[in-house]
Amino acid sequence: KKLSDSPIKNHLAPTLLPLESVIEESSLTEADKAKFKMILKILPTSIDEEYQAIINEVEKIRLKQSHIESIITLQMRYSHFIETATMIDLHRLANDALLMLDESLGKRDVSITKEYGSVPMIVAEESRLLQILINIIKNAYEALEQTLGNERQLIIRIYQEHSDIDYACISIQDTGIGFDTKQQAQLFTFGYTSKEDGCGFGLHSSTHYIQSIDGKMEAESSGLGKGAKFTIKLPVLVKD
(Lines give C-alpha, C1' and ligand atoms only; values in the text may rest on other atoms or scores of the structure.)
Protein backbone atom coordinates (compact mmCIF):
# COMPACT_ATOMS: atom_id res chain seq x y z
CA LYS A 1 0.00 0.00 0.00
CA LYS A 2 2.86 2.36 0.81
CA LEU A 3 4.42 1.64 -2.57
CA SER A 4 1.11 2.19 -4.38
CA ASP A 5 0.49 5.47 -2.54
CA SER A 6 4.05 6.77 -2.92
CA PRO A 7 4.13 10.54 -3.75
CA ILE A 8 7.13 9.99 -6.01
CA LYS A 9 5.27 7.34 -8.01
CA ASN A 10 2.03 9.28 -8.28
CA HIS A 11 3.08 12.97 -8.39
CA LEU A 12 6.52 13.16 -9.97
CA ALA A 13 5.23 13.53 -13.55
CA PRO A 14 2.84 16.47 -12.88
CA THR A 15 5.46 18.10 -10.61
CA LEU A 16 8.05 18.06 -13.40
CA LEU A 17 5.63 19.26 -16.06
CA PRO A 18 6.21 23.04 -15.51
CA LEU A 19 9.92 22.52 -16.11
CA GLU A 20 9.23 21.97 -19.80
CA SER A 21 8.37 25.64 -20.27
CA VAL A 22 11.42 26.68 -18.23
CA ILE A 23 13.63 24.58 -20.50
CA GLU A 24 11.96 25.95 -23.60
CA GLU A 25 12.57 29.54 -22.48
CA SER A 26 16.17 28.91 -21.46
CA SER A 27 19.28 29.79 -23.49
CA LEU A 28 20.13 26.13 -24.02
CA THR A 29 20.75 24.85 -27.50
CA GLU A 30 17.89 23.04 -29.20
CA ALA A 31 19.78 19.77 -28.85
CA ASP A 32 20.20 20.27 -25.08
CA LYS A 33 16.56 21.32 -24.72
CA ALA A 34 15.50 18.08 -26.42
CA LYS A 35 17.74 16.05 -24.08
CA PHE A 36 16.30 17.67 -20.94
CA LYS A 37 12.73 17.24 -22.18
CA MET A 38 13.45 13.57 -22.83
CA ILE A 39 14.78 13.22 -19.26
CA LEU A 40 11.60 14.82 -17.89
CA LYS A 41 9.57 12.31 -19.87
CA ILE A 42 11.61 9.17 -19.15
CA LEU A 43 12.32 9.80 -15.43
CA PRO A 44 8.74 9.57 -14.02
CA THR A 45 7.84 6.75 -16.42
CA SER A 46 10.88 4.71 -15.38
CA ILE A 47 10.22 5.29 -11.68
CA ASP A 48 6.55 4.34 -12.11
CA GLU A 49 7.49 1.12 -13.95
CA GLU A 50 10.06 0.19 -11.28
CA TYR A 51 7.59 0.82 -8.46
CA GLN A 52 4.93 -1.20 -10.27
CA ALA A 53 7.33 -4.12 -10.78
CA ILE A 54 8.10 -4.14 -7.05
CA ILE A 55 4.39 -3.90 -6.21
CA ASN A 56 3.68 -6.90 -8.46
CA GLU A 57 6.41 -8.95 -6.77
CA VAL A 58 5.14 -8.04 -3.30
CA GLU A 59 1.63 -9.05 -4.38
CA LYS A 60 2.95 -12.44 -5.55
CA ILE A 61 4.61 -12.94 -2.17
CA ARG A 62 1.40 -11.93 -0.38
CA LEU A 63 -0.70 -14.39 -2.42
CA LYS A 64 1.85 -17.19 -1.88
CA GLN A 65 1.92 -16.50 1.86
CA SER A 66 -1.88 -16.65 1.96
CA HIS A 67 -1.82 -19.92 0.03
CA ILE A 68 0.77 -21.44 2.39
CA GLU A 69 -1.27 -20.29 5.38
CA SER A 70 -4.42 -21.98 4.04
CA ILE A 71 -2.55 -25.27 3.49
CA ILE A 72 -1.03 -25.20 6.98
CA THR A 73 -4.46 -24.47 8.48
CA LEU A 74 -5.88 -27.39 6.50
CA GLN A 75 -3.11 -29.74 7.63
CA MET A 76 -3.54 -28.69 11.25
CA ARG A 77 -7.27 -29.35 11.04
CA TYR A 78 -6.72 -32.90 9.81
CA SER A 79 -3.86 -33.54 12.26
CA HIS A 80 -6.27 -33.03 15.17
CA PHE A 81 -8.75 -35.62 13.95
CA ILE A 82 -9.25 -38.67 16.14
CA GLU A 83 -9.23 -41.76 13.93
CA THR A 84 -12.94 -42.48 14.12
CA ALA A 85 -15.43 -42.85 11.29
CA THR A 86 -17.38 -39.69 10.49
CA MET A 87 -19.70 -38.41 7.78
CA ILE A 88 -17.61 -37.12 4.87
CA ASP A 89 -18.31 -34.87 1.91
CA LEU A 90 -16.27 -36.31 -0.99
CA HIS A 91 -16.30 -32.98 -2.87
CA ARG A 92 -14.62 -31.17 0.01
CA LEU A 93 -12.19 -34.02 0.63
CA ALA A 94 -11.07 -34.09 -3.02
CA ASN A 95 -10.61 -30.31 -3.02
CA ASP A 96 -8.54 -30.51 0.18
CA ALA A 97 -6.27 -33.16 -1.36
CA LEU A 98 -5.77 -31.04 -4.49
CA LEU A 99 -5.05 -27.96 -2.38
CA MET A 100 -2.38 -29.76 -0.38
CA LEU A 101 -0.69 -30.89 -3.61
CA ASP A 102 -1.28 -27.65 -5.49
CA GLU A 103 2.40 -26.64 -5.48
CA SER A 104 3.60 -30.03 -6.75
CA LEU A 105 0.93 -30.15 -9.46
CA GLY A 106 1.68 -26.59 -10.54
CA LYS A 107 5.41 -27.21 -10.86
CA ARG A 108 4.68 -30.09 -13.22
CA ASP A 109 2.19 -28.11 -15.35
CA VAL A 110 -0.57 -30.62 -14.61
CA SER A 111 -3.99 -29.56 -15.90
CA ILE A 112 -6.79 -30.40 -13.45
CA THR A 113 -10.33 -31.17 -14.58
CA LYS A 114 -13.08 -31.65 -11.97
CA GLU A 115 -16.24 -33.54 -12.85
CA TYR A 116 -18.20 -33.56 -9.61
CA GLY A 117 -21.61 -35.17 -9.58
CA SER A 118 -24.05 -35.26 -6.69
CA VAL A 119 -23.31 -38.02 -4.17
CA PRO A 120 -24.48 -38.72 -0.61
CA MET A 121 -22.19 -38.37 2.38
CA ILE A 122 -20.15 -41.47 3.20
CA VAL A 123 -18.71 -42.79 6.46
CA ALA A 124 -14.95 -43.29 6.86
CA GLU A 125 -11.93 -42.06 8.80
CA GLU A 126 -11.51 -38.67 7.15
CA SER A 127 -7.76 -38.18 7.58
CA ARG A 128 -7.12 -41.78 6.46
CA LEU A 129 -9.20 -41.33 3.31
CA LEU A 130 -7.54 -37.97 2.61
CA GLN A 131 -4.10 -39.62 2.77
CA ILE A 132 -5.23 -42.30 0.30
CA LEU A 133 -6.41 -39.63 -2.17
CA ILE A 134 -3.14 -37.72 -1.77
CA ASN A 135 -1.16 -40.91 -2.41
CA ILE A 136 -3.12 -41.71 -5.60
CA ILE A 137 -2.81 -38.15 -6.94
CA LYS A 138 0.91 -38.16 -6.13
CA ASN A 139 1.32 -41.44 -8.03
CA ALA A 140 -0.57 -39.87 -10.94
CA TYR A 141 1.63 -36.79 -11.28
CA GLU A 142 4.75 -38.93 -10.95
CA ALA A 143 3.42 -41.07 -13.82
CA LEU A 144 2.78 -37.89 -15.82
CA GLU A 145 6.41 -36.83 -15.32
CA GLN A 146 7.51 -39.87 -17.32
CA THR A 147 5.49 -38.97 -20.42
CA LEU A 148 7.00 -37.06 -23.33
CA GLY A 149 5.09 -34.67 -25.56
CA ASN A 150 1.66 -35.45 -24.10
CA GLU A 151 -0.52 -33.02 -22.21
CA ARG A 152 -0.26 -33.64 -18.50
CA GLN A 153 -3.89 -33.96 -17.50
CA LEU A 154 -5.57 -35.15 -14.33
CA ILE A 155 -9.32 -35.75 -14.18
CA ILE A 156 -11.10 -36.08 -10.84
CA ARG A 157 -14.60 -37.55 -11.08
CA ILE A 158 -17.13 -37.96 -8.29
CA TYR A 159 -20.31 -39.88 -9.05
CA GLN A 160 -22.79 -42.40 -7.67
CA GLU A 161 -22.93 -45.98 -8.90
CA HIS A 162 -26.18 -47.88 -8.52
CA SER A 163 -26.02 -51.68 -8.21
CA ASP A 164 -26.83 -54.26 -5.55
CA ILE A 165 -25.02 -51.84 -3.26
CA ASP A 166 -25.03 -48.12 -3.95
CA TYR A 167 -21.55 -46.62 -4.01
CA ALA A 168 -20.24 -43.07 -3.85
CA CYS A 169 -17.26 -43.14 -6.20
CA ILE A 170 -14.22 -40.98 -6.76
CA SER A 171 -11.85 -41.67 -9.64
CA ILE A 172 -8.45 -40.16 -10.44
CA GLN A 173 -7.54 -40.50 -14.11
CA ASP A 174 -4.24 -39.39 -15.65
CA THR A 175 -2.62 -39.30 -19.09
CA GLY A 176 0.60 -40.82 -17.75
CA ILE A 177 2.58 -43.95 -18.56
CA GLY A 178 -0.19 -46.39 -17.59
CA PHE A 179 0.45 -50.10 -17.01
CA ASP A 180 -0.02 -53.46 -18.71
CA THR A 181 -2.15 -56.42 -17.58
CA LYS A 182 0.80 -58.08 -15.82
CA GLN A 183 1.49 -54.96 -13.76
CA GLN A 184 -2.22 -54.50 -13.07
CA ALA A 185 -2.42 -57.94 -11.45
CA GLN A 186 0.28 -56.91 -8.94
CA LEU A 187 -0.66 -53.29 -8.23
CA PHE A 188 -2.30 -53.92 -4.86
CA THR A 189 0.13 -56.65 -3.79
CA PHE A 190 2.16 -55.98 -0.65
CA GLY A 191 5.68 -54.85 -1.57
CA TYR A 192 5.06 -54.38 -5.29
CA THR A 193 6.24 -51.07 -6.79
CA SER A 194 7.25 -49.81 -10.22
CA LYS A 195 9.31 -46.96 -8.73
CA GLU A 196 13.03 -47.12 -8.07
CA ASP A 197 12.58 -45.51 -4.66
CA GLY A 198 9.14 -46.99 -3.90
CA CYS A 199 8.30 -49.25 -0.97
CA GLY A 200 5.16 -50.92 -2.31
CA PHE A 201 3.13 -50.19 0.81
CA GLY A 202 0.91 -47.30 -0.35
CA LEU A 203 -1.61 -48.99 -2.68
CA HIS A 204 -1.62 -52.18 -0.61
CA SER A 205 -2.49 -50.41 2.64
CA SER A 206 -4.96 -48.15 0.83
CA THR A 207 -6.97 -50.99 -0.69
CA HIS A 208 -6.80 -52.90 2.61
CA TYR A 209 -8.45 -49.97 4.42
CA ILE A 210 -11.06 -49.39 1.68
CA GLN A 211 -12.03 -53.07 1.81
CA SER A 212 -12.24 -52.91 5.62
CA ILE A 213 -15.10 -50.39 5.31
CA ASP A 214 -16.86 -52.53 2.66
CA GLY A 215 -15.60 -50.45 -0.24
CA LYS A 216 -13.71 -51.27 -3.40
CA MET A 217 -10.54 -49.96 -5.01
CA GLU A 218 -10.03 -50.53 -8.71
CA ALA A 219 -7.31 -49.72 -11.24
CA GLU A 220 -7.51 -49.77 -15.02
CA SER A 221 -5.36 -48.81 -17.98
CA SER A 222 -5.56 -49.35 -21.73
CA GLY A 223 -1.87 -50.23 -21.72
CA LEU A 224 1.59 -48.73 -21.42
CA GLY A 225 1.66 -45.08 -22.42
CA LYS A 226 -2.14 -44.78 -22.34
CA GLY A 227 -2.77 -43.38 -18.88
CA ALA A 228 -4.40 -44.95 -15.86
CA LYS A 229 -7.47 -44.57 -13.68
CA PHE A 230 -7.85 -45.46 -10.01
CA THR A 231 -11.34 -45.57 -8.53
CA ILE A 232 -12.44 -45.70 -4.91
CA LYS A 233 -15.99 -46.94 -4.32
CA LEU A 234 -17.48 -46.38 -0.89
CA PRO A 235 -20.84 -47.78 0.24
CA VAL A 236 -23.66 -45.30 0.68
CA LEU A 237 -25.58 -45.57 3.92
CA VAL A 238 -29.16 -46.58 3.30
CA LYS A 239 -31.60 -44.90 5.66
CA ASP A 240 -34.54 -46.98 6.86
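This is a predicted model: local features need pLDDT of at least 70, side-chain atom pairs count only at pLDDT 80 or more; totals for chains, interfaces and linings use all residues.
Visitor: Are α4 and α6 roughly parallel or oblique to each other?
Guide: Two packed helices are described by the angle between their axes and the distance between the axes. For helix α4 (residues 90–100) and α6, the axes are 9 Å apart and the angle is about 55°. Angles under 35 degrees count as roughly parallel and 65 to 115 as roughly perpendicular, with the rest between these ranges called oblique. The pair α4 and α6 is therefore oblique.

Visitor: How many nonpolar residues are there in the contact of α4 with α6?
Guide: On the α4 side, the contact includes Leu-90, Leu-93 and Met-100, while the α6 side includes Leu-129, Leu-133 and Ile-137. By class, this contact of α4 with α6 has three charged residues, no polar ones, and a nonpolar count of eleven.

Visitor: In which hand does α6 pass α8?
Guide: The axes of α6 and α8 come within 10 Å and cross at roughly 140°. That makes α6 oblique to α8. The crossing in which α6 passes α8 is left-handed.

Visitor: How many polar residues does the contact of α6 with α8 have?
Guide: From α6, the residues that meet α8 are Arg-128, Leu-129, Ile-132, Asn-135 and Asn-139. They meet Gly-202, Leu-203, Ser-205, Ser-206, Tyr-209 and Ile-210 in α8. Sorted by class, the contact of α6 with α8 has one charged residue, five nonpolar residues, and a polar count of five.

Visitor: Is Ser-206 buried or exposed?
Guide: Ser-206 lies in helix α8 (residues 202–212). Its contacts, not counting residues up to four places away in sequence, are Ile-132, Asn-135 and Met-217. Buried means under 20% relative accessible area. Ser-206 has 5% relative accessibility, so it counts as buried.

Visitor: What about Thr-231: is it buried or exposed?
Guide: Look for Thr-231 in strand β7 (residues 228–235). Not counting residues up to four places away in sequence, Thr-231 touches several residues, among them Tyr-159, Ile-170 and Lys-216. With a relative accessibility of 3%, Thr-231 counts as buried.

Visitor: Is Asp-109 buried or exposed?
Guide: Asp-109 sits in the loop between α5 (102–107) and β2 (111–116). Although Asp-109 is not a glycine, it has a positive phi of about 55°. Exposed means over 50% relative accessible area. Because its relative accessible area is 64%, Asp-109 is exposed.

Visitor: And what is the phi of Asp-214?
Guide: You will find Asp-214 in the loop between α8 and β6 (216–220). At 59% relative accessibility, Asp-214 counts as exposed. Asp-214 is not a glycine, yet its phi is positive, at about 65°.

Notes. Residues are numbered from 1 along each chain as its sequence is written. Side-chain values use heavy atoms; hydrogens and water are left out. Helices (H or I, at least four residues) and strands (E, at least two) are DSSP runs, numbered from the N terminus. Buried means under 20% relative accessible area, exposed over 50%, partly exposed in between (1.4 Å probe, protein chains only). Contact means heavy atoms within 4.5 Å. Axes are lines fitted to C-alpha atoms, for helices over the stretch in contact, and angles run from 0 to 180 degrees between N-to-C directions. Angles under 35 degrees count as roughly parallel, over 145 as roughly antiparallel, 65 to 115 as roughly perpendicular and the rest as oblique. Ala, Val, Leu, Ile, Met, Phe, Trp, Tyr, Cys and Pro count as nonpolar, Asp, Glu, Lys and Arg as charged, and the others, Gly among them, as polar. A crossing is left-handed if the near helix is turned anticlockwise from the far one by less than a right angle, and right-handed if clockwise.
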